[in-house]
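Trainee: Can we go through this one together? I'd like to start with the overall picture and then look at single residues.

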Amino acid sequence: SSGINAECPLRPGVLNRVTYRRRLSYNTKSNKTHLTKTPGGKLVVHYATKKTNISKCGDCKQGLRGIPAVRPVKLASLSRRVKTVNRAYGGSKCGKCVRSRIIRAFLIEEQKIVAKVLKAQASKA
């Protein structure tokens with residue numbers, strides 16, 4: 001297995017040669033590591049998990065509250081009730097954007113009714 005030179009966390013400036021524990025031997029984004037000293041006194045490589053992004057609203061790009069920030073593979077294994085909020089567009093759009101969409105749709109419908117009434121009055125006169 002391939003080795004990596006890493007600075008010892010307990011003795012700064014001292015390099016320790018440790019080996020990767022998995023097959024991937026390149027310093028890629030998915031292969032980030034840190035050194036840990038075991039209770040037995042051995043220096044071993046521990047793998048860091050990638051940082052998670054919170055789900056964001058499709059309209060305003062704000063973080064959605066009530067939806068856990070987990071990696072996509074973990075998200076697939078979670079149940080539906082954990083991934084959504086009990087509301088129209090729950091888990092996809094935030095409450096403010098849903099409210100504004102409902103109000104906008106209502107006002108557009110009202111505008112259509114007003115236009116129809118005005119047209120009917122104009123044709124009578």
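Predicted model: local features only at pLDDT ≥ 70, side-chain atom pairs only at ≥ 80, totals over all residues.

Trainee: Fine. How many helices and strands does the protein have?

Mentor: There are four strands and three helices. Read from the N terminus, the order is β-β-β-β-α-α-α.

Trainee: And what box do the C-alpha atoms fill?

Mentor: Along the principal axes, roughly 95 × 25 × 25 Å. The radius of gyration is 28 Å, whereas a compact globule of 125 residues would come out near 14 Å.

Trainee: What share of the residues is buried?

Mentor: Buried residues account for 17% of the 125. The accessible surface is about 10200 Å², and carbon and sulfur atoms contribute 55% of that.

Trainee: What about contacts between residues at least 6 apart in sequence: what share joins residues at least 24 apart?

Mentor: That share is 27%.

Trainee: Charges next. How many positive and negative side chains are there?

Mentor: The protein carries 29 positive side chains and 4 negative ones. The centres of the two sets are 14 Å apart.

Trainee: How many aromatic pairs turn up in the whole structure?

Mentor: One pair is found. Its partners are Y20 and Y47, and the pair is stacked, with 6.4 Å between centres and 25 degrees between planes. Y20 sits in the loop between β2 (15-19) and β3 (33-37) while Y47 belongs to strand β4 (residues 43-47), so the pair links parts 27 residues apart in sequence.

Trainee: Why does that angle count as stacked?

Mentor: Because planes under 30 degrees apart count as stacked, and this pair has 25 degrees.

Trainee: Are Y20 and Y47 buried or exposed?

Mentor: Both Y20 and Y47 are buried.

Trainee: Where does K61 lie?

Mentor: K61 is in the loop between β4 and α1 (72-77). K61 is exposed, at 55% relative accessibility.

Trainee: And where is Y89 found?

Mentor: Y89 is in the loop between α2 and α3 (95-124). With a relative accessible area of 45%, Y89 is partly exposed.

Trainee: What else is in the loop between α2 and α3?

Mentor: G91 is one of the residues there. At 28% relative accessibility, G91 is partly exposed.

Trainee: Which residues is G91 in contact with, neighbours within four places left aside?

Mentor: L64, I67, K83, T84 and V85. Take I67: it is 24 residues from G91 along the chain, and their C-alpha atoms are 6.8 Å apart.

Trainee: Back to the loop between β4 and α1. Which residues does P68 touch, beyond four places in sequence?

Mentor: P68 touches L75, L78 and V82. P68 lies in that loop and is partly exposed, with a relative accessible area of 28%. From P68 to G58, 10 residues away along the chain, the C-alpha separation is 16 Å.

Trainee: Where does the other proline, P39, lie?

Mentor: P39 is in the loop between β3 and β4. It counts as exposed because its relative accessibility is 89%, and the cut-off for exposed is over 50%.

Trainee: Last one. Which helix is R81 found in?

Mentor: Helix α2, residues 80-83. R81 is exposed, at 69% relative accessibility.

Trainee: How far apart are R81 and A48?

Mentor: In space, 29 Å from C-alpha to C-alpha; in sequence, 33 residues.

Conventions: Residues numbered from 1 in each chain as written. Heavy atoms only, no water. Helix = DSSP H or I, 4+ residues; strand = E, 2+ residues; numbered from the N terminus. Rg over C-alpha atoms; globule rule 2.2 N^0.38 Å. Buried < 20%, exposed > 50% of the residue type's maximum accessible area, 1.4 Å probe, protein only. Contact = heavy atoms within 4.5 Å. Areas by Shrake-Rupley, 256 points an atom, 1.4 Å probe, with all protein chains shown as cover. Lys, Arg positive; Asp, Glu negative; His and termini not counted. Charge placed at Lys NZ, Arg CZ, Asp CG, Glu CD. Phe/Tyr/Trp six-rings, centres within 6.5 Å; stacked < 30°, edge-to-face > 60°.
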